[in-house]
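Morning, everyone. I have one structure to show you today.

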Amino acid sequence: MTQEKRPITLITGASAGIGAALAHEFAANGHDVVLIARRELALAALADAIAAKGAPRPTVLRADLAHADAAQAIAEALDRRGLEPDVVVNNAGFGLLGAADKLDRAEQLAMIDVNVRALTDLSLAFIESLKRRRGGILNVASIAAFMPGPGMAVYYASKAYVLSFSEALHRELKPKGVRVTVLCPGPVPTEFQARAGMTGEAFPRLLTRSAEQVARDAYRGLKQGRRVVVPGLATSAVATVIRFVPRSILLSLIDRQQRGRR
Ligand SMILES: NC(=O)c1ccc[n+]([C@@H]2O[C@H](COP(=O)([O-])OP(=O)(O)OC[C@H]3O[C@@H](n4cnc5c(N)ncnc54)[C@H](OP(=O)(O)O)[C@@H]3O)[C@@H](O)[C@H]2O)c1
């Protein structure tokens, strides 16, 4: 007889920022979480903090999602532990500020590997268990998904992919009992800005949300089966207005904004 596997919520990019806040949020709501990132020590510290609040201690898995075999390795590691996801949270990602012809090409391709390839692979790798358990997928895009981004061209394009892919998946998997929600936050102060090389202007306060606020909105949105979650009224208004702004104007506005951040 095969042993019944234990359902878990898989969270990528849990060692910092929004991912760590999502891990706290899911754990506080009774989910057994598995934390994934490259920095194992930070994951272990987060697992301790979650356990200290009385939740079961999360499992920690070290993985570099820029590697093409990462999803396969994660699936095997879960299998060995008798675990299978009922929720997959694809949060890991990073951006790079600068003109595409000036930034390092290999780093920009690694961004596609993490933000796009690994997210797609992990969204599809566990579909059978997600269907069986009537679970869900939470994919983290960005407000950047709604527009082209000169000065961060590959990052914005990668998030446009995440939005498009996740909305389509929402439609395909809804009749099969799997919820798919795509999260599109505005600016959130995390390690993201330093990693991207942002040293200039700060973001408007009105649009800025904390990682904890974003994680709460994301969790509620997933539970409600929402297709897209844009945390915060002001950010949500921006996402709506953008649809009506001519692309040429949008391009020069964003170009100017990103130059101010360098
Ligand atoms: N902060 C914002 O303003 C903002 C706004 C909109 C959307 N987002 C999106 O939100 C998500 C989380 O970003 P954040 O703001 O929380 O950034 P963060 O604080 O820099 O955290 C990024 C997380 O991704 C992980 N990660 C990066 N590269 C990885 C790799 N190769 N393999 C495995 N894990 C990797 C990092 O872990 P390790 O370094 O330990 O591997 C870290 O846990 C990203 O997808 C980002 O695009 C952020």
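Start with Asn91. Is Asn91 buried or exposed? This is a predicted model, and here Asn91 has a relative accessibility of 9%. The cut-off for buried is under 20%, so Asn91 counts as buried.

Where does Asn91 sit? Look in the loop between β4 (83–90) and α4 (105–125). Now its surroundings. Leaving out residues up to four places away in sequence, Asn91 touches Thr12, Gly13, Ile18, Gly19, Leu22 and Val140. Gly13 also makes a polar contact. Its backbone oxygen is 3.0 Å from a polar atom of the Asn91 side chain.

Ile18 takes us on to the ligand. How many residues surround the ligand? The shell has 30. Ile18 is among the closest, together with Ser15, Arg38, Tyr155 and Thr190. By type, the shell divides into 16 nonpolar residues, 9 polar and 5 charged. Three helices each supply at least two of the shell residues: α1 (17–28), α6 (153–173) and α7 (192–196).

Take Tyr155: a polar atom of its side chain lies 2.7 Å from a ligand oxygen. For Gln193, a side-chain N or O atom is 3.2 Å from a ligand oxygen. Glu191 uses its backbone instead, with an N or O atom 3.3 Å from a ligand oxygen.

How much of the ligand does the protein cover? On its own, the ligand has 870 Å² of accessible area, and the protein covers 95% of that.

That's my tour. Over to you.

Definitions and conventions. Residues are numbered from 1 along each chain as its sequence is written. This is a predicted model: local features need pLDDT of at least 70, side-chain atom pairs count only at pLDDT 80 or more; totals for chains, interfaces and linings use all residues. Side-chain values use heavy atoms; hydrogens and water are left out. Helices (H or I, at least four residues) and strands (E, at least two) are DSSP runs, numbered from the N terminus. Buried means under 20% relative accessible area, exposed over 50%, partly exposed in between (1.4 Å probe, protein chains only). A polar contact is a pair of N or O atoms within 3.5 Å; within protein, one must be able to donate a hydrogen and the other to accept it, and residues adjacent in sequence count only if both atoms are side-chain atoms. Contact means heavy atoms within 4.5 Å. A residue is near a molecule or strand if one of its heavy atoms lies within 4 Å of it. Accessible areas come from the Shrake-Rupley method with a 1.4 Å probe; for residues, only the protein chains shown count as cover. Ala, Val, Leu, Ile, Met, Phe, Trp, Tyr, Cys and Pro count as nonpolar, Asp, Glu, Lys and Arg as charged, and the others, Gly among them, as polar.
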